[in-house]
Amino acid sequence: MIPGQFTYHRPSSLAEAVALLASHGDEARPLAGGHSLIPMMKLRMAAPEHLVDLAGIADLKGICEDGGTIVIGATTTQHEVIASALLASKLPILRETALLIADPQIRYVGTIGGNVANGDPGNDMPALMQCLDASYVLVGPSGERHVAAREFYEAAYFTALSPDEIVAAIRIPVPAAGHGYAYEKLKRKVGDYATAAAAVMLTRSGHQITSCSIGLTNVADTPLFAEEAGRILTGSSMEADVVTRAVAAAEAITNPASDGRGPAEYRTRMAGVMLRRALARAYDRAAA
Ligand code: FAD
């Protein structure tokens, strides 16, 4: 299939891009890497009449540290996330997760902003952003607002983003030095979306977990922040019965579809398996 007809716009400023989206309303969509949007247009699951390409907007690119916050411009590619020395030292879970997305060709073009804005429960970055307590900087005709990743996702492909808003950047609090982290993803083959995946960030003092945050990918209509599971683990020393209770709490909030990746019961159980593996690796990596 080829996409339907559309008018291509290439603004050079954020203000111009927002004005284009505002003037064309529901008929317009931002275009970033195009690796989710164009396939959907080819399948006629999306048929925007106007594409507003964000690639020419310099303000949307780059990775920097602002006080205790990492700021990643929306059109930063997944490859640039992987290559960033700043992220490798401060937020290595981002690199670990990005390396599990699709394949190098897609990662060279696909952007982090497109990944979080898309609203596809199969995207890997949204659950990680919930785990990291990130917030998204949204820019629209009435200015800028910040929405927490934990509040952003409403249903599959439905988010807090208005049609005339653009995700300009992602803001992530710098985690404590010595934190443990892991992203575990089960997929049928290289390049596939997750059957189930789990992101874990934790800190330790000796054997005891002092904080624990968990996100789950592709086991519901939206990414999941497994708050209760993290609470159960905090204060524990990863005793087997506590881990089992935490995994059960995480599995209990899943509601996956039965599809080509397996029946719902299997995918729920795999979310638990991914979480167990991620917890073990994060715990081992954390400075005691
Ligand atoms: P686009 O496709 O350009 O846009 C996606 C959506 O977000 C569109 O609705 C667009 O209007 C909107 N949008 C884009 N940028 C913004 C913005 N800044 N503000 C507001 N709205 C915006 N992803 C994974 O996470 N894990 C995988 O395993 C995975 N496997 C893949 C395998 C294949 C074969 C393919 C083709 C893609 C795969 N992807 C996967 C998706 C890939 O990571 C996409 O690049 C990503 O989902 C979207 O980023 P993009 O820059 O390409 O966005």
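## Close-up views of the ligand shell, domains and sheets

**View 1. The shell around the ligand, by residue class and by element.** The residues that form the shell around the ligand divide into 16 nonpolar, twelve polar and two charged, and the model in which they are seen here is a predicted one. In total, 30 residues surround the ligand, and the closest of them are Ala 32, Gly 33, His 35, Gly 110 and Gly 114. Two or more residues of this shell come from each of strand 2 (28–31), helix 2 (37–42), helix 7 (112–117) and strand 10 (166–173). Of the elements, helix 7 gives the most to the shell, with four residues.

**View 2. The ligand between domain 1 and domain 2.** The chain is divided into domain 1 (7–52), domain 2 (63–172) and domain 3 (187–285). Because domain 1 and domain 2 both give residues to the shell around the ligand, the ligand lies between them. An unreviewed UniProt entry annotates residues 1–177 as "domain: FAD-binding PCMH-type". Over this span of residues 1–177, the end C-alpha atoms lie 49 Å apart, and 33% of the span is helix while 25% is strand.

**View 3. The contact between domain 2 and domain 3.** Taken over C-alpha atoms, the centres of domain 2 and domain 3 are separated by 20 Å. On the side of domain 2, 19 residues are in contact with 19 residues of domain 3. The elements that give two or more residues to the side of domain 2 that touches domain 3 are helix 5 (92–98), helix 8 (125–131) and strand 8 (153–155), and among the contributions to this side the largest share, five residues, comes from helix 8. Sorted by class, the side of domain 2 that touches domain 3 has eleven nonpolar, three polar and five charged residues.

**View 4. The open sheet of five strands, in the order 4-5-10-6-7.** The pairing in this open sheet of five strands is antiparallel, and its edge strands are strand 4 and strand 7, each of which pairs on one side only. From one strand to the next, the twist averages 25 degrees. Helix 1 (residues 14–24) lies across strand 6 and strand 10, and runs at about 125 degrees to strand 10.

View 5. Strand 4 (residues 63–66) and strand 5 (residues 69–73) run antiparallel and are joined by four bridges, with Glu 65 standing opposite Ile 70 in strand 5. In the hairpin of these two strands, which has two residues between the strands, Gly 67 takes a positive phi near 65 degrees. Strand 5 also pairs with strand 10 in the antiparallel sense, over five bridges, and here Ile 70 stands opposite Ile 172 in strand 10.

**View 6. Strand 6 with strand 7 and strand 10.** Strand 6 (residues 135–140) and strand 7 (residues 143–148) pair in the antiparallel sense over six bridges, and a hairpin joins strand 6 to strand 7 through two residues. Strand 6 pairs with strand 10 as well, in the antiparallel sense and over five bridges. Leu 138 has a place in both pairings, standing opposite Arg 145 in strand 7, while its bridge partner in strand 10 is Val 167. Tyr 136 likewise has a bridge partner in strand 10, namely Ile 170.

**View 7. The open sheet of four strands, in the order 11-12-13-14.** This open sheet of four strands has antiparallel pairing. Strand 11 (180–186) and strand 14 (224–225) stand at its edges, each with a single partner strand, so that one side of each is left without a neighbour in the sheet. The pairing of strand 13 (residues 208–217) with strand 14 is antiparallel and extends over two bridges, and Leu 216 stands opposite Leu 224 in strand 14. Helix 12 (residues 264–285) lies across strand 11, strand 12 (196–205) and strand 13, and runs at about 30 degrees to strand 12.

Key: Residues are numbered from 1 along each chain as its sequence is written. This is a predicted model: local features need pLDDT of at least 70, side-chain atom pairs count only at pLDDT 80 or more; totals for chains, interfaces and linings use all residues. A residue is near a molecule or strand if its C-beta atom, placed from the backbone, lies within 6 Å of it. Ala, Val, Leu, Ile, Met, Phe, Trp, Tyr, Cys and Pro count as nonpolar, Asp, Glu, Lys and Arg as charged, and the others, Gly among them, as polar. Domain bounds come from an automatic or database domain assignment. UniProt positions are given in the numbering used here, feature names are shortened, and annotations may be inferred rather than shown by experiment. Two residues are in contact if their C-beta atoms, placed from the backbone, lie within 7 Å. Two strands pair if DSSP finds at least two bridges between them. Axes are lines fitted to C-alpha atoms, for helices over the stretch in contact, and angles run from 0 to 180 degrees between N-to-C directions.
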